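Have the viewer open as you read.

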Amino acid sequence: MADSARNKLPTTAPPSLKEWGVAGAVMRYWGLNLLVIALLLIILSVLLVYQNAAPDAPVLLDSTVGQLGLWIADQSALDAPVSILGQYAKNQALASGLTSLDVPTVLNAIRGGLVIFIGLALVMGVVGFAGLLRGARWTRAAFLVVLLLLDGLLFIVPSLAGESVLPNIMLGLVILLIILLGAPGNPSKLLGFIVVISALLVAWEAFKAVGDSADHKIMLSQPGWNYTVYDTLEDTLAAIEEGSINAAVLDKNDVEDLIAEYPQGDLDPASLPYPTLRILADLETETLGFAKLPIIPAFPGRLTVVTREADVTNWAAVSDLLSAKVGTFADSFSNEKFLALPRNLLLLDLRISNDVNLPHLQTIAQALFQPARRNGELLLGRILGQSGIYTWSEAALGFVAGGFLGFVLGALFAHSRLLERGLLPYVVMSQTIPILAIAPMVVIWLGSGPIAVAVISAYLTFFPVTINTLRGLTSPDPTALELMHSYAANWWTILWKLRFPAALPYIFTALKVSATASVVGAVIGELPSGVGDGLGRTILNFNQYYSSDPAKLWAAILVAAVVGIAFFVVVTLAERVILGQRAQGN
């Protein structure tokens, strides 16, 4: 009996042998080992940089924690600091018999903390390497810790010209992602989530590195202008009249009183100093190259083209002049800012990667750990944290109200086909109205304050709950319903004993969607309601100064995202607890 049962057990080769074959498994094994060794060497190199860094070294001083250390040292000099870190620094200074903390001392302490932080990544890398050699299932967990620590360094280490610390960390993260994909053990959802986030962070910094190296433009060189520079404007115009050049690129202000326009303008050519010349007023100035891609530099709006009257029909566009002889004069705008510049075909515009449109991750983190105002006593992170809690409270109120309304509507629709057919189209139609149009009306009806914000949040929350509740309450098998009816169960009993348990997975799916939507509704609702304590007003204020200080807006967006993710996690944990207990009860 035991032998026959044993023979029925599935006999499959290990995944590595089955998927790769013997040679492939060996190559992958040694390949992963070599990648781990490279990763450990990279982490060690970063560790040595900070171990040997002086307090005034840019790699330490310009880091997120370095700038925070300077602020802490300044706060320790105050008589009564407001912030918690300032109070701690003041107490440390007094305990040492000092009036304030010395900046080098603070930076050395921060350097020591960074060394411990990076050293922990190195230790966990060694642990992961040992697990990889043994084929242990906890190998991925060890490397996951290393991944989180290196991700943290992306928000700490500054991007400095000539420094290789940040590129090394990015390279280490790429190697680590490859290791995690090939390490033994089954990947979990948490691992997949963190890997995706890490890949996005690396892609963020890599995109910025590519943009910075290419000066935010990827271009292809084009033939330049065939032009002659004369000493004066008069010499240039005389050269056109003599036929030495075909045309001249000049400033409009320099020639508009000397030469008539073509087509005929307001001035009589015979009354002007150069009656045989014409300004090409209708000249097409847009220059496009292959596949209609733009040529840079573009033709400046302040410039124009002057040619002989007999040649005005030869030049329909600026690009036609590339094959002609053109001229200008020395120290002119046309010479210095157009003709003398190299012409390039703009293949890809990477302006989005500049520091205004896309700050470095470290810059965003540094903004969180710097005062919101210059020489302020409260860090931006604390202010945004308080705003995030306030917005979350409004979103939670709207989430509860919207979820309750959605469940009631779904239950009514599930028990009344007439109500479903009559009201469901209006429920769907309500979501086609922009929330920005609804929000001001809600504020007018209910007045400014958190109640109006909660109602706006509930407006975005109730719809998915309504639809999924209806879907879930109508999901039980008809035979189960017939069985309940055979027991003479009333509609209330059927609802709570059969329909509601079957609908729980659907309801929680809707609640997870509504959790993040409620935060969006709260942020939008704060704008017209005049609530100044939430993230909505903060984001609006930072948006006004985006061109000069974009990192603060990105920091506010990051906090808003964290609030939404935290809300989602709370609902997910509630789902696991409730559905897990339900499964155990069954």
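A crossing is called left-handed if the near helix is turned anticlockwise from the far one by less than a right angle, and right-handed if clockwise. With that in mind, look at helix 4 and helix 5, whose crossing is right-handed. This is a predicted model, where local features need pLDDT of at least 70, side-chain atom pairs count only at pLDDT 80 or more, and totals for chains, interfaces and linings use all residues. Residues are numbered from 1 along each chain as its sequence is written, and side-chain values use heavy atoms, with hydrogens and water left out.

Helix 4 (residues 64-76) packs on helix 5 (residues 84-95) at about 65 degrees, the axes 8 Å apart. Helices here are DSSP runs of H or I, at least four residues, numbered from the N terminus; axes are lines fitted to C-alpha atoms over the stretch in contact, and angles run from 0 to 180 degrees between N-to-C directions. Helix 4 brings L68, W71, I72, Q75 and S76 to the contact, and helix 5 brings L85, G86, A89 and K90 (contact means heavy atoms within 4.5 Å).

Next, K512, which sits in helix 19 (residues 491-529). Is K512 buried or exposed? K512 counts as buried because its relative accessibility is 18%, and buried means under 20% relative accessible area with a 1.4 Å probe, protein chains only. Setting aside neighbours within four places in sequence, K512 touches F568, V571, T572 and E575.

Definitions and conventions. Helices (H or I, at least four residues) and strands (E, at least two) are DSSP runs, numbered from the N terminus. Buried means under 20% relative accessible area, exposed over 50%, partly exposed in between (1.4 Å probe, protein chains only).
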